[in-house]
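Here is a friendly walk through one protein model. Have a look at the sequence and the structure first, and then we'll go through some of the details together.

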Amino acid sequence: MTPARPATDPAARMPRQIPFIIGNEGCERFSFYGMRNILTPFLITSLLLQLPESERAGAAKDVFHTFMIGVYFFPLLGGLIADRLLGKYRTILWFSLIYCLGHACLALFEDNRDGFFLGLGLIALGAGGIKPLVASFVGDQFTQSNKHLAKIVFDAFYWIINFGSLFASMLMPIFLRSYGPAVAFGIPGLLMLIATIVFWAGRRRYVLVPPAPPSPDSFSRVVRSALLAERAGAGRPGLWFALTGCVLALASFALMPTLGFVICACVALVLFLAGIGGGAWLQLERARGLHSDAAVDGVRAVLRVLVIFALVTPFWSLFDQKASTWILQGNQMAIPGWLPDWLNQPAQMQLINPLLVMILIPFNNLVLYPALRRMGYEPTALRRMTVGIAFSGLAWIAAGGFQLLIDGGDPLSILWQILPYALLTFGEVLVSATGLEFAYSQAPAAMKGVIMSFWNLTTTVGNLWVLLANAAVRNDAVIGSIERTGLSEAAFLMFFFAGFALLAALAFGLYARRYREVDNYRAA
């Protein structure tokens with residue numbers, strides 16, 4: 001392993017170690033999407049068969065979205081270990097081994113709930129632990145002399161993610177149907193093992209940036225100073241606000257008998273962050289003098305961005321249900337007889353998403369955005385995200401309309417799902433990639449890692465809304481209210497989430513009009 005080279009290195013060529021990282025990412029993404037995209041069908045047809053048929057769909061959604069909550073929560077742990085203890089390379093390697101062990105559990109314990117759920121937990125830990133690190137590890141391989149080549153690599157990085165997702169969505173349902181769950185879950189496990197070996201094989205070529213020492217002006221220390229600092233003649237409203245959030249977070253665990261640990265823990269996390277963030281905002285100026293002005297301004301920038309992130313969470317509650325609720329809907333739809341045997345599974349409809357992503361990103365950048373600018377409309381990051389959230393709502397209106405037809409007895413072709421998939425994918429392109437770009441530009445250099453961690457948490461909170469909705473429809477009073485609408489539970493929830501996203505888009509757009517964007521890209 002080589003130490004980090006100085007920025008004055010005259011070599012302006014593509015680093016030789018990049019293919020190892022790209023190869024690792026391609027295999028890992030196939031591995032992740034391969035198991036994720038067959039998880040709901042497997043749960044319904046195999047692992048949850050002991051449940052009454054009417055309860056299997058809801059239980060499968062609970063398992064799936066609990067798993068996704070873990071995948072997007074554990075980046076906090078992976079980032080902390082890499083930044084403070086092991087560095088990126090060793091953290092990625094060790095978490096990848098945990099990842100492989102999780103896949104092995106899925107293949108070995110196909111008929112054992114405890115063993116299978118242990119495997120899901122290990123995959124969530126492994127996949128989440130490496131999630132915030134691989135992209136930044138790519139950036140560590142470049143210097144000032146060849147940084148212009150980094151964009152090519154990041155484009156290839158995003159392309160390989162969708163390439164892996166495309167073929168995983170196409171092939172894994174076939175293996176599940178034809179060879180059973182042991183093979184279907186074993187193949188993603190084999191791909192993850194190959195990913196780990198490929199990453200390890202480049203160990204002597206990587207540039208390693210050592211963990212940074214703790215900063216006296218870190219995000220957490222500035223927030224703590226703001227909350228605890230006293231000011232003569234002034235009260236401490238921020239501290240009391242933060243304490244109230246903490247008390248409510250602890251109190252939420254009293255609902256565990258009804259809602260379960262995962263929901264209560266996520267609600268507690270949201271209340272804790274809201275309390276600490278809101279309290280710090282009220283007293284942030286008290287941190288000046290104790291920390292640099294740049295650090296205090298950086299924390300204020302992060303807190304402003306967190307409001308944006310909170311309004312994005314409804315989008316993820318809709319987006320991730322394409323691998324649960326939409327598969328369940330697809331099971332109720334007719335498969336055209338002319339489709340080949342290798343392309344007639346409801347779970348395979350998910351391949352539309354990565355396929356369209358690979359088309360829409362260049363289309364938007366080369367055709368749509370330039371056309372809008374010529375018409376006098378600047379598609380800023382916040383405008384794009386507002387429209388993207390709204391498109392997710394439209395996708396679910398379409399899905400809800402199809403559900404009404406299904407409930408009415410119409411033999412609707414599954415190919416109609418192409419419409420909501422297309423609308424949702426267009427929304428994803430406007431929200432996901434744009435959100436990362438926006439968050440990076442708004443945060444000062446010292447706060448960019450914090451911002452990326454909070455961005456991952458938006459998906460955790462999005463999946464929390466799904467679990468809360470699923471828990472609500474088990475309440476007799478809620479069930480009675482749904483029945484009085486004349487809608488099925490599935491149709492009602494689809495229109496509910498559509499309205500949820502459209503209201504979020506409205507709130508997002510109103511907040512965006514008042515938000516003053518800054519540019520914190522580093523100087524050339």
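What volume does the second largest pocket have? The second largest pocket comes to about 820 Å³. Here a pocket is an open set of points on a 1 Å grid over the protein atoms alone, where a 1.4 Å probe fits, with protein on both sides within 12 Å along at least five of seven lines. Grid points are joined across faces, edges and corners, and the volume is the space filled by probe spheres set on them.

Before going on, a word on the ground rules: this is a predicted model, local features need pLDDT of at least 70, side-chain atom pairs count only at pLDDT 80 or more, and totals for chains, interfaces and linings use all residues. Residues are numbered from 1 along each chain as its sequence is written, and side-chain values use heavy atoms, with hydrogens and water left out.

Back to that pocket. Its lining (residues with an atom within 4 Å of a point) has 30 residues, and Ser-54, Ala-57, Gly-58, Leu-328 and Glu-489 lie nearest the centre. Two or more lining residues come from each of α3 (53–73), α14 (325–330), α16, α19 (476–485) and α20. Helix α3 gives the most, with eight. Helices here are DSSP runs (H or I, at least four residues), numbered from the N terminus.

Now for the insides. A nonpolar core is a set of buried Ala, Val, Leu, Ile, Met, Phe, Trp, Tyr and Cys residues joined through side-chain atoms within 4.5 Å; buried means under 20% relative accessible area, exposed over 50%, and partly exposed in between (1.4 Å probe, protein chains only). The largest such core has 66 residues, with Phe-219, Trp-396 and Phe-438 among those with the most contacts inside it. Its largest share, 14 residues, comes from α13. Apart from this core lies another, of 59 residues, including Phe-32 and Phe-42. Phe-42 is also one of the buried residues of α2. Seven of the nine residues of that helix (39–47) are buried, so α2 is largely enclosed by the rest of the structure.

| Residue | Helix | Relative accessible area | Contacts |
|---|---|---|---|
| Ser-96 | α4 (75–108) | 1% | Ile-130, Met-192, Thr-196 |
| Asn-470 | α18 | 4% | Lys-61, Asp-62, Leu-493 |

Finally, the rings. Rings of Phe, Tyr and Trp (its six-membered ring) pair if their centres lie within 6.5 Å; planes under 30 degrees apart count as stacked, over 60 as edge-to-face and the rest as tilted. That gives 30 aromatic pairs. In one of them, Phe-402 and Trp-416 have ring centres 5.9 Å apart and planes at 55 degrees, so the pair is tilted. Phe-402 belongs to helix α16 (381–407), while Trp-416 sits 14 residues away in the loop between α16 and α17 (418–442). Phe-402 is buried at 9% relative accessibility, whereas Trp-416 is partly exposed at 48%.

Terms used:
Contact = heavy atoms within 4.5 Å.
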